[in-house]
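This report describes the fold, the nonpolar core and selected loop residues of one protein. The sequence and the model are shown below.

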Amino acid sequence: MVSSGSTDDSSESVSEAIIETVAEAEGLDPLQLDPPLGTELDPDALDQLFRSNATGPTTSVEHVTLTYHGYEVTAFSDGRIITQELG
């Protein structure tokens, strides 16, 4: 199954959007995801890859793909998050 989400709120980080998108695909509250994303990778480092500043986007990458909670998750610099269930 393929699901998608986005960083709808400009204050929402990429790591938060990934957590929410995976939780929604699983039908869980984000706090119920086990293991938490922070035990799998450094959320601050991930967010830094997509951070922008007042003068415009300063993203380092176009997209990042990772595996989390049984999903292949791709986060794009335009705010899209796409998940594909593995297996």
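Helices (H or I, at least four residues) and strands (E, at least two) are DSSP runs, numbered from the N terminus. The model is predicted, so that local features need pLDDT of at least 70 and side-chain atom pairs count only at pLDDT 80 or more, while totals for chains, interfaces and linings use all residues. Residues are numbered from 1 along each chain as its sequence is written, and side-chain values use heavy atoms, with hydrogens and water left out.

**Overall fold**

Three helices and six strands are present in the protein, and from the N terminus on they follow the order β-α-α-α-β-β-β-β-β. Of the 87 residues, 32% are buried; buried means under 20% relative accessible area, exposed over 50%, and partly exposed in between (1.4 Å probe, protein chains only). The accessible surface, from the Shrake-Rupley method with a 1.4 Å probe, comes to about 5,300 Å², and carbon and sulfur atoms hold 47% of it. Contact means heavy atoms within 4.5 Å. Among contacts with a separation of 6 or more, 45% are between residues 24 or more positions apart.

**Nonpolar core**

A nonpolar core is a set of buried Ala, Val, Leu, Ile, Met, Phe, Trp, Tyr and Cys residues joined through side-chain atoms within 4.5 Å. The largest such core has 17 residues, of which Val14, Ile18, Val22, Leu46, Leu66, Val73 and Ile81 touch the most other members. Two or more residues each come from α1, β4 (63–68) and β5 (71–76), with α1 giving the largest share, six residues. Leaving aside residues up to four places away in sequence, Ile18 touches Leu37, Leu46, Leu66, Val73, Ala75 and Ile81.

**Loop residues**

| Residue | Loop |
|---|---|
| Ser13 | between β1 (2–6) and α1 (14–26) |
| Pro35 | between α1 and α2 (37–40) |
| His69 | between β4 and β5 |

Ser13 counts as buried because its relative accessibility is 17%. The side chain of Ser13 makes a polar contact with that of Ser15 at 3.1 Å. A polar contact is a pair of N or O atoms within 3.5 Å; within protein, one must be able to donate a hydrogen and the other to accept it, and residues adjacent in sequence count only if both atoms are side-chain atoms.

The peptide bond from Asp34 to Pro35 is cis, with omega near 10°. His69, although not a glycine, has a positive phi of about 55°. With a relative accessible area of 24%, His69 is partly exposed.
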